[in-house]
Amino acid sequence: MLPFESSVVTVISLSAPIILVVIGETITEKSGVINLSIEGTLLITALTAFAVSVTTGSPFLGFLCAGLVGSIAALVIIICDTKLGMDQIAIGFILTIFLGKLSSFLGKEYVRIPGPYFQELSIPILKDIPYLGPSFFDQNIIVIFSFLMIPATWYFIEKTRLGLIVKAVGENPVSAQNRGINPEKVRIIATVVGGILIGFGGAAFSLHAKFGWSENHTGNYGWICLAIVIFGGWNPIRAAIGAYSFGIFQIIALKMQSVALGLTQVLPLIPFPLMILTLIFIQRFNRSDRTTNLPKILNAFFGGQSPENIGKPLEKN
Amino acid sequence: MINFNINNFITLATQIVLAAIGASLIIILLGASPVEVITSIFDGAFGRPEKIVKTMLIFLPISLAALALIITFSGGLWNIGIEGQIVLGAIGASWVSKSFLGESNISPYLQLIVGISMGSAWGLLCGLLKVKFQVHEIFGGLGLYFVGSGAIIYLILGPWSKQGIASTSGTDIFPKESWFPTVSSLNIPALPIFIICLIIIAIILFLSFSKLGLKLKATGVNPDSTNKFQFNSNSYIYLAFLIGGGIAGLAGVFQAGVFYHKLVPSISGGYGFLAILVVLASGKRVVPTLLLTLFFSAMIAGGSQLQLRLNLHSSLISIILSSMVFFWLVVNSVPVKKNISRIINRGHNASF
């Protein structure tokens with residue numbers, strides 16, 4: 001094996017769930033909605049995926065069911081927000097606690113039992129390319145799917161008309177409405193699609209990256225994903241870079257386990273101070289009056305504005 | 001006029017019943033009996049004097065956290081970072097207890113000062129990030145919470161580790177002098193209860209009768225328009241975090257100095273998050289908040305009985321509490337509430 005090849009493969013593979021979640025949340029937040037429930041949704045969808053795949057013997061069915069549960073959680077948030085005028089952050093917060101505890105309650109029988117795996121899809125020839133081969137072409141469907149979602153989402157948001165509509169609703173729903181777009185409908189769809197991806201992310205934990213189920217199985221990953229979305233400046237590619245960087249931190253922490261016990265426990269928390277620093281950078285470098293002075297390459301790293309209307313309820317005409 | 005009030009009362013009662021039905025349905029769906037669950041919980045919370053003291057020990061930190069949140073919510077701030085402020089307060093208390101001052105009789109009072117200051121500082125940092133760097137308080141607060149959690153784990157495994165072997169079960173027990181003094185054989189924490197009473201009175205006076213409190217609430221409603229009235233909303237954001245962070249820090253001091261008598265990794269016990277649920281449901285009003293906190297504390301204290309008696313996982317408590325708050329918010333949302341009162345008005349008028 002080539003130097004570091006196994007580490008690269010591990011990072012790509014372990015980051016799959018986080019990639020799916022941050023992409024789902026990025027799409028949601030682009031439309032102006034914050035799905036704060038990720039921490040809880042991940043737990044309940046991870047349990048759903050594992051329980052369904054153990055019961056039916058089909059990990060694929062488990063994966064799909066997790067997407068369904070994720071979409072239901074998202075639907076609750078967006079319906080309460082658009083139809084009942086409730087605070088989306090409050091609902092997201094309540095769901096975080098509700099779904100998280102529900103997973104502990106319902107998951108008792110599934111703690112530390114074996115279950116079916118996804119098989120690796122080895123693509124001939126491509127899998128022999130150094131680094132890239134084992135990272136992308138000798139992995140299971142979840143990892144490949146997560147990787148494909150990155151450019152696909154970027155293309156959707158930046159290059160398609162539908163993506164533009166989602167962005168318009170996130171930035172200025174009133175103008176979008178004046179142009180004949182139904183912001184309510186767009187937000188509902190974007191949030192539900194985001195919820196499906198977050199559900200897939202939960203499934204990717206229990207069926208792949210952190211196989212099986214235990215109480216609080218994906219503990220804190222939800223909050224970390226929220227941080228990475230911001231670190232990514234609401235751009236799927238940068239969010240993916242953030243997710244892979246977090247994967248690198250985890251690997252380093254794992255390798256240092258024998259050296260320094262304390263560090264292992266503290267290192268996974270690094271995304272948070274980093275997120276705060278990124279937000280400070282975004283604010284310092286990306287004010288409208290300064291962007292023009294900033295070299296393009298720096299802007300690509302530190303640019304990225306939060307959607308103007310994020311977290312705010314729609315004003316009804 | 002009286003008729004109007006009666007209808008309002010009936011609406012409120014209907015809302016409470018609907019929310020209770022919603023939560024009961026969840027309990028039934030999970031395969032338990034709501035009546036059995038509730039009676040078992042309340043027996044566990046109030047059945048014997050010692051149990052009442054245990055409920056009180058849970059009430060102390062949650063009520064403080066909830067009072068802290070009333071202040072920050074009044075300023076229009078989503079202080080999810082409250083857990084971090086509790087953590088910092090507990091670190092402050094442990095710092096005093098672990099130092100040479102830990103064995104002197106003034107230790108509890110020093111813990112109060114250091115813990116409250118550290119909680120305030122953590123709150124202010126969140127405010128600074130919001131005002132100076134436009135970092136939303138949810139993300140800044142969460143970030144600071146995880147930094148605090150990292151610090152606690154580092155301290156427990158590193159500088160403050162148990163003699164002999166470092167373990168995540170916590171530090172060594174504090175010296176006896178650092179424990180908060182208690183009254184009677186039931187170990188009732190008199191000083192903390194007295195402090196909480198003072199804080200409750202102060203907050204009621206502050207929010208309802210002081211100009212400063214009024215301005216804080218105005219900032220919460222609309223920070224842009226308040227800026228036009230020649231006062232700076234930003235200073236009120238700092239003020240809210242200063243007071244809220246300090247009260248949350250006090251909750252941390254009580255967790256370390258009154259409840260555990262040591263520093264443990266999960267020192268906040270998730271009470272900050274539970275307090276957010278309380279305040280979401282109570283709508284920032286002090287008296288309903290305290291009553292609801294009492295209910296929450298009783299549920300948590302009695303929850304330990306569930307496992308023993310009904311063989312139900314203790315996570316059921318948080319499931320019940322969060323679903324109750326959810327259904328309460330649903331029946332309080334404008335369209336639902338309007339419909340409920342319309343139906344009641346119609347029924348009421350028809351009966352006359």
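The structure is a predicted model. Chain B is made of 14 helices and zero strands, and its domain assignment gives domain 1 (1-32 + 312-352) and domain 2 (50-308). The contact between the chains takes 29 residues from chain A and 38 residues from chain B.

**Form of chain B**

- From the N terminus on, the elements of chain B run α-α-α-α-α-α-α-α-α-α-α-α-α-α, in keeping with a count of 14 helices and zero strands.
- The radius of gyration of chain B is 22 Å, which agrees with the value near 20 Å that a compact globule of 352 residues would have.
- Taken along the principal axes, the C-alpha atoms of chain B fill a box of roughly 75 × 60 × 35 Å, and 48% of the 352 residues of the chain count as buried.
- Among the contacts in chain B between residues at least 6 apart in sequence, 76% join residues at least 24 apart.

**Domains of chain B**

- Domain 1 of chain B is assigned in two segments, 1-32 and 312-352, while domain 2 of chain B covers 50-308, and the C-alpha centres of the two domains lie 31 Å apart.
- Between these domains, 11 residues of domain 1 of chain B are in contact with 10 residues of domain 2 of chain B, and the side belonging to domain 1 has eight nonpolar, three polar and no charged residues.

**Contact between chains A and B**

- Chain A gives 29 residues to the contact and chain B gives 38 residues; on the side of chain A, the elements that give two or more residues are α5 (88-106), α11 (221-231), α13 (261-266) and α14 (271-285).
- Of the elements on that side, α5(A) gives the most, with 10 residues, and by class the side of chain A that touches chain B has 22 nonpolar, five polar and two charged residues.

**Nonpolar core**

- The largest nonpolar core has 193 residues, and those with the most contacts inside it are A:Ile228, B:Ala65 and B:Ala275.
- Helix α10 (residues 233-260) of chain B gives the most to this core, with 14 residues, and the core draws at least three residues from each of domain 1 and domain 2 of chain B.

**Confidence in chain A**

- Chain A averages a pLDDT of 85, and 86% of its residues score at least 70.
- Over residues 288-292 of chain A the pLDDT stays under 50, and the model has four contacts beyond four places in sequence for this stretch.
- Where pLDDT is low, the predicted coordinates should not be read in detail.

Notes
Residues are numbered from 1 along each chain as its sequence is written. Chains are lettered from A and ligands numbered from 1 in the order in which they are written. This is a predicted model: local features need pLDDT of at least 70, side-chain atom pairs count only at pLDDT 80 or more; totals for chains, interfaces and linings use all residues. Domain bounds come from an automatic or database domain assignment. Two residues are in contact if their C-beta atoms, placed from the backbone, lie within 7 Å. Ala, Val, Leu, Ile, Met, Phe, Trp, Tyr, Cys and Pro count as nonpolar, Asp, Glu, Lys and Arg as charged, and the others, Gly among them, as polar. Helices (H or I, at least four residues) and strands (E, at least two) are DSSP runs, numbered from the N terminus. A nonpolar core is a set of buried Ala, Val, Leu, Ile, Met, Phe, Trp, Tyr and Cys residues joined through C-beta atoms within 7 Å. A residue is buried if 20 or more other C-beta atoms lie within 10 Å of its own, exposed if 12 or fewer, and partly exposed in between; C-beta atoms are placed from the backbone. pLDDT is the predictor's confidence in each residue, from 0 to 100. The radius of gyration is taken over C-alpha atoms; the globule rule is 2.2 Å times the number of residues to the power 0.38.
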